[in-house]
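Q: Could you walk me through how this chain is packed? I have the sequence and the structure open.

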Amino acid sequence: IISNRIGTISFKDDSLLRLANVSRFNPRSAILLADDVKAFMEANKKNIFDLDDFGALSRQLDILPLGLNNLEKSVLCYLRENGSSSLLSIAGGLQLTTEAVSRNAEIFLISNGLIKIENRRLITQKGLDILKQIEIQSKP
């Protein structure tokens, strides 16, 4: 979807795969991301998108690994800071409803192995690694 939407831009290294990963393999997200890539490349007068461009675009648009959104990132940060937690304590700590956390964050986090539920919610090693990756990515 991304390469078809852009057309005139070539992709080098694993840059197209990285874009697909952050679009969550969702067609609507992929179309929006393709439009962002096209605008980025036009602004930079380039026609080959590489991993350096992916890094620059990610920093510019605050694109997180796996396409995480800010709510999902907040849940991971909460669990890292507070350890094993109930859904109610996570929701309270983030000033959200339990439904908002459950419906809008947990499903994606669980399906990607970033958290697990064993009576309480726990961040996995993969979740901790993603947070480290986000911290490294956000450094100038």
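Q: Before that, what kind of model is it, and how are residues numbered?

A: This is a predicted model, in which local features need pLDDT of at least 70 and side-chain atom pairs count only at pLDDT 80 or more, while totals for chains, interfaces and linings use all residues. Residues are numbered from 1 along each chain as its sequence is written, and side-chain values use heavy atoms, with hydrogens and water left out.

Q: OK, which residues touch the most other members of the largest nonpolar core?

A: Leu68, Val75, Leu76 and Leu109 do, in a core that has 19 residues. A nonpolar core here is a set of buried Ala, Val, Leu, Ile, Met, Phe, Trp, Tyr and Cys residues joined through side-chain atoms within 4.5 Å, and buried means under 20% relative accessible area, exposed over 50% and partly exposed in between (1.4 Å probe, protein chains only).

Q: And which helices each supply at least two residues of that core?

A: Helix 5 (70–82), helix 6 (87–94), helix 7 (98–111) and helix 8 (125–138) each do so; helices are DSSP runs (H or I, at least four residues), numbered from the N terminus.

Q: What is valine 75 in contact with, leaving aside its neighbours within four places in sequence?

A: Valine 75 is in contact with Ile90, Leu94, Val101, Ala105 and Leu109, where contact means heavy atoms within 4.5 Å. There is also a second, separate core of 15 residues, which includes Ile6, Ile9, Ala34 and Met41.

Q: Switching to pairs, how do helix 5 and helix 6 pack?

A: Their angle is about 115° and their axes are 10 Å apart, with axes being lines fitted to C-alpha atoms, for helices over the stretch in contact, and angles running from 0 to 180 degrees between N-to-C directions. Helix 5 and helix 6 are therefore roughly perpendicular to each other, a term that covers 65 to 115 degrees.

Q: Which residues meet there, in helix 5 and in helix 6?

A: From helix 5, Leu71, Ser74, Val75, Tyr78 and Leu79 meet Ser89, Ile90, Gly93 and Leu94 of helix 6. The residues of this contact divide into 6 nonpolar, 3 polar and no charged, counting Ala, Val, Leu, Ile, Met, Phe, Trp, Tyr, Cys and Pro as nonpolar, Asp, Glu, Lys and Arg as charged, and the others, Gly among them, as polar.

Q: What about helix 5 with helix 8, which residues meet?

A: Lys73, Leu76, Cys77 and Arg80 in helix 5 meet Gly127, Leu128, Leu131, Ile134 and Glu135 in helix 8, and the classes in that contact are 5 nonpolar, 1 polar and 3 charged. The axes of helix 5 and helix 8 come within 10 Å and cross at roughly 115°.

Q: And helix 5 with helix 7, what angle?

A: Helix 5 and helix 7 pack at about 80°, with their axes 9 Å apart, and the contact of helix 5 with helix 7 has 8 nonpolar, 1 polar and 1 charged residues.

Q: New topic: is aspartate 53 buried or exposed?

A: Aspartate 53 counts as buried, because its relative accessibility is 7%. Aspartate 53 lies in helix 4 (residues 51–61) and, not counting residues up to four places away in sequence, touches Phe40, Met41, Lys46 and Ile48.

Q: Last one, is isoleucine 107 buried or exposed?

A: Isoleucine 107, which is in helix 7, is exposed, with a relative accessible area of 58%.

Note on methods. Angles under 35 degrees count as roughly parallel, over 145 as roughly antiparallel, 65 to 115 as roughly perpendicular and the rest as oblique.
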